[in-house]
Amino acid sequence: MPLSILTILRLRPAASDGLRVVQVSDLHVGPQTSRRFLARVSQSVRALAPDLVVVTGDLVDDRVEDARIFGAWVHALDAGDSRAPLGV
């Protein structure tokens, strides 16, 4: 599943006034991470109506299948009518 990367070279103060950025960090997607938890994180992020979502920190613990779950979660967060206009 391809991920797209948004690069912002420079935000001028006036251009970024009112910009809403949500940061999600340290999800540690692994064997103990429920899809229910990830759904709650998605719901919380969408409720904040961000312009841009950045995902940082410890994202996946160890297993390849957990990386796939994380990738599917990012893809779902970046889809639909309530997606952040500047992406995830």
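**Group meeting: salt bridges and a charged patch**

Of the 88 residues in the protein chain, 24% count as buried, where buried means under 20% relative accessible area, exposed means over 50%, and partly exposed lies in between (1.4 Å probe, protein chains only). This is a predicted model, in which local features need pLDDT of at least 70 and side-chain atom pairs count only at pLDDT 80 or more, while totals for chains, interfaces and linings use all residues. Residues are numbered from 1 along each chain as its sequence is written, and side-chain values use heavy atoms, with hydrogens and water left out.

First, the layout. The chain has 3 helices and 2 strands; helices (H or I, at least four residues) and strands (E, at least two) are DSSP runs, numbered from the N terminus. Starting at the N terminus, the order is α-β-α-β-α. Among contacts with a separation of 6 or more, 79% come from residues 24 or more positions apart, a contact being heavy atoms within 4.5 Å.

Next, the salt bridges. How many does a search of the whole structure find? There are 3, each defined as a side-chain nitrogen of Lys or Arg within 4 Å of a carboxyl oxygen of Asp or Glu. Aspartate 78 pairs with arginine 83 at 2.9 Å, N to O. Aspartate 78 is partly exposed because its relative accessibility is 21%, and arginine 83 is partly exposed at 32%. Elsewhere, shared partners join Arg63, Glu65 and Asp66 into one network. Is aspartate 66 buried or exposed? Aspartate 66 has a relative accessible area of 1%, so it counts as buried. Arginine 63, at 35%, is partly exposed, and so is glutamate 65, at 40%.

Last, the patch. Asp26, Asp58, Asp61 and Asp62 form a negative surface patch. Patch residues have over 30% relative accessible area and no salt bridge, and like charges are joined within 9 Å. Asp and Glu count as negative, Lys and Arg as positive, and His and the chain ends are not counted; for Asp, the place of the charge is CG. Aspartate 26 sits in the loop between β1 (21–25) and α2 (35–47). With 40% relative accessibility, aspartate 26 is partly exposed.

Key
Patch = residues over 30% accessible without salt bridge, like charges linked within 9 Å, V, L, I, M, F, W, Y side chains within 5 Å. Areas by Shrake-Rupley, 256 points an atom, 1.4 Å probe, with all protein chains shown as cover.
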